[in-house]
Amino acid sequence: MRGKILLFIIVTVLASCKTKQEPQSDKATPATVEDSLPKDSVATNDSTENQVAETEKAQAQAFLSLFKPMNPKGYHAYSPEFTGDMKVKTTQFRGVAIDAEKYHGLLNEKAVPYLESILKGYGGFFAIGKFDINPRYTGLVVRQHSQYSDTQVALLLWDKQRNQLIKGLELADTFGDAGWFFDTESWITEYAPNGKLVIVSRTKNFDPNEDFTSGTVTDSTKVSRFNGGKFISTTTATSDTTKYKLKRWKQYKAD
């Protein structure tokens with residue numbers, strides 16, 4: 001009889017243990033961090049993000065509005081001439097001054113060389129014109145600071161999907177030092193708004209001899225084709241000097 005009572009007690013204890021469970025939390029684990037936030041907080045975050053996006057969009061539109069629409073067919077880009085007080089003589093390359101500090105968030109050194117100097121007030125950045133390359137990219141022609149002054153003309157690329165300025169192609173520049181100088185100019189030879197864009201650039205470079213009585217001139221041509229969001233270039237010796245005549249080139253003459 002005692003054995004039966006003992007067996008009954010053991011079975012009862014085991015059954016009691018099985019029915020015991022770990023205490024459960026009354027709070028459900030949120031599926032995401034956002035679910036754990038108060039609804040008012042989530043709404044505020046969404047509102048802030050939308051405001052930032054709208055501000056960035058407005059800034060991009062204001063930046064692009066500085067560029068007037070232009071016809072790129074047959075466009076000849078060359079470094080402008082300046083007066084003695086460094087005012088631009090050549091009207092078509094005067095451009096609209098761009099406040100680099102105001103649009104600093106859109107600019108970068110890769111797309112705009114000497115950006116740091118421009119931001120410090122040592123040089124300028126000017127909007128010349130714009131044209132559609134294809135549904136994704138817009139071409140922006142600018143004049144910007146170069147080695148010594150605001151002589152470089154460049155075609156920058158505006159990515160419409162990302163609202164971002166990216167590196168394009170240098171079209172023109174000219175400067176010299178210690179007897180050496182060069183001149184680069186470009187022509188848009190083929191253009192169609194479906195993405196066909198071919199640019200020919202010609203560069204003449206003068207290197208003086210040791211006593212500066214004469215020097216050596218090199219003459220080269222670069223053909224750049226827009227493909228896949230960038231320019232692919234090939235360089236050859238210049239053959240057609242009549243068709244691509246440099247406007248700013250000056251033959252060196254010793255004093």
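Let's start with the lining of the largest pocket. Two strands, β6 (164-177) and β7 (180-192), each supply at least two residues of it. Keep in mind that this is a predicted model.

How many residues line the largest pocket? There are 16. Which of them lie nearest its centre? Thr174, Phe175, Gly176, Arg248 and Lys250 do. By class, the lining divides into 7 nonpolar, 5 polar and 4 charged residues. The volume of this pocket is about 260 Å³.

Now step back to the whole chain. It has 4 helices and 10 strands. Read from the N terminus, the order of elements is α-α-α-β-β-α-β-β-β-β-β-β-β-β. So how much of the chain is buried? Of the 255 residues, 37% are.

Next, contacts along the chain. Take the contacts between residues at least 6 apart in sequence. Of these, 52% join residues at least 24 apart. And the surface? The chain exposes about 16200 Å². Carbon and sulfur atoms supply 52% of that area.

On to strand β5, residues 152-159. Is this strand mostly covered or mostly open? Mostly covered: 8 of its 8 residues are buried.

Here is a general point first. In a regular strand, side chains alternate between the two faces of the sheet. Now look at β5 one face at a time. On one side sit Gln152, Ala154, Leu156 and Trp158. On the other sit Val153, Leu155, Leu157 and Asp159. Both faces are covered, and all these residues are buried.

Which strands pair with β5? One is β4, residues 137-144, which runs antiparallel to β5 and is joined to it by 8 bridges. Find Leu140 in the model. Its bridge partner in β5 is Leu156.

Another partner is β6. Here 6 bridges join the two strands, again antiparallel. Val153 in this pairing has Ala172 of β6 as its bridge partner. Remember that β6 also supplies residues to the pocket lining. The hairpin of β5 and β6 has 4 residues between the strands. In that hairpin, Asn163 takes a positive phi near 50°.

Who are its partners? β8, residues 196-208, pairs with β9 in the antiparallel sense over 11 bridges. Within that pairing, Val200 stands opposite Val223. The hairpin of β8 and β9 has 6 residues between the strands, and Phe212 takes a positive phi near 60° there.

On to β10, residues 230-237. It is joined to β9 by 8 bridges, and the two run antiparallel. Their hairpin has 2 residues between the strands. Gly228 takes a positive phi near 65° in it.

Is Arg225 buried, exposed or partly exposed? Its relative accessible area is 44%. Buried means under 20%, and exposed means over 50%. Arg225 is therefore partly exposed.

What does Arg225 touch? Leave aside its neighbours within four places in sequence. Then Arg225 is in contact with Leu197, Val198, Lys230, Phe231 and Ile232. Ile232 is also the bridge partner of Arg225 in β10. Now check the C-alpha atoms of Arg225 and Val200. They are separated by 8.9 Å, and the two residues are 25 apart along the chain.

Last topic: positive phi in loops. Most residues other than glycine have a negative phi. So let's look at two residues that do otherwise.

One is Met86. Its phi is near 65°, a positive value in a residue other than glycine. Where is Met86? It sits in the loop between β1 (76-77) and β2 (96-97). Its relative accessibility is 46%, so Met86 counts as partly exposed.

The other is Tyr114. This residue is not a glycine, yet it has a positive phi of about 65°. Find it in the loop between β2 and α4 (115-119). Tyr114 is partly exposed too, because its relative accessible area is 32%.

To recap with one stop on the model: go back to β5. Its 8 residues are buried, and it pairs with β4 and with β6.

How values were computed. Residues are numbered from 1 along each chain as its sequence is written. This is a predicted model: local features need pLDDT of at least 70, side-chain atom pairs count only at pLDDT 80 or more; totals for chains, interfaces and linings use all residues. Side-chain values use heavy atoms; hydrogens and water are left out. On a 1 Å grid over the protein atoms alone, a cavity is a set of points where a 1.4 Å probe fits but cannot get out, and a pocket is an open set with protein on both sides within 12 Å along at least five of seven lines; lining residues have an atom within 4 Å of a point. Grid points are joined across faces, edges and corners, and a volume is the space filled by probe spheres set on the points. Ala, Val, Leu, Ile, Met, Phe, Trp, Tyr, Cys and Pro count as nonpolar, Asp, Glu, Lys and Arg as charged, and the others, Gly among them, as polar. Buried means under 20% relative accessible area, exposed over 50%, partly exposed in between (1.4 Å probe, protein chains only). Two strands pair if DSSP finds at least two bridges between them. Contact means heavy atoms within 4.5 Å. Accessible areas come from the Shrake-Rupley method with a 1.4 Å probe; for residues, only the protein chains shown count as cover.
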